[in-house]
Amino acid sequence: MSELTITSAISIREDELEERFVRASGPGGQNVNKVATAVELRFDAARSTALSDDALARLRTLAGTKMTAEGVLVIDARRHRTQAQNREDARARLVELVRQALVRPRKRRKTRPTKGSVEQRIQSKKRRSETKRGRGRIADG
């Protein structure tokens, strides 16, 4: 059975993917009315064994409206004129999305401003204050 390779360690089995071919709008001339060239690729990410729970959560966030409430990722490819090109495009987009979901974001480490930057900020505030103080009305003498 063939598999869709995501990384060297992770791949999606072919039976976890479902493809539907539909008629596409856009370029193609009269051919567009006769041939189903657009591809709707469905991947049931919630039931897949390839993804961990935290990777699935990140995939949900990244996919947004492309993922259904049941956890099925739907990718619609209709950029090209041929079914084969759209099929490759859909699979490439799925691989890229899953790869992004596999990357664990770095935790933010709290930092404090340096002594020099605090001093610089205070000095610039004092200069600005002096500039504004000099803008008042001139007293009649």
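Q: Is F43 buried or exposed, and what defines the class?

A: Buried means under 20% relative accessible area, exposed means over 50%, and partly exposed is in between, with a 1.4 Å probe and protein chains only. F43 has a relative accessibility of 0%, so F43 counts as buried. This is a predicted model, in which local features need pLDDT of at least 70 and side-chain atom pairs count only at pLDDT 80 or more, while totals for chains, interfaces and linings use all residues. Residues are numbered from 1 along each chain as its sequence is written, and side-chain values use heavy atoms, with hydrogens and water left out.

Q: Where does F43 lie, and with which residues is F43 in contact?

A: Helices (H or I, at least four residues) and strands (E, at least two) are DSSP runs, numbered from the N terminus, and F43 lies in strand β4, residues 38-44. Contact means heavy atoms within 4.5 Å; leaving aside neighbours within four places in sequence, the contacts of F43 include I12, L17, S48, L73 and L94. S48, which sits in the loop between β4 and α1, is itself buried at 8% relative accessible area, and beyond its neighbours within four places in sequence S48 is in contact with E16 and F43.

Q: Which residues of helix α1 are buried, and why do they line one face?

A: An α-helix has 3.6 residues a turn, so residues three or four places apart point the same way. In α1 (residues 53-63), the buried residues are A55, L56, R58, L59 and A63. Seen down the axis of α1, they fall within an arc of 165° (taken from the directions from the helix axis to the C-beta atoms), so they line one face. The face turned away from that buried side carries the exposed residues D53 and T61, whereas the cover over the buried residues includes β5 (72-77) and α2 (83-102).
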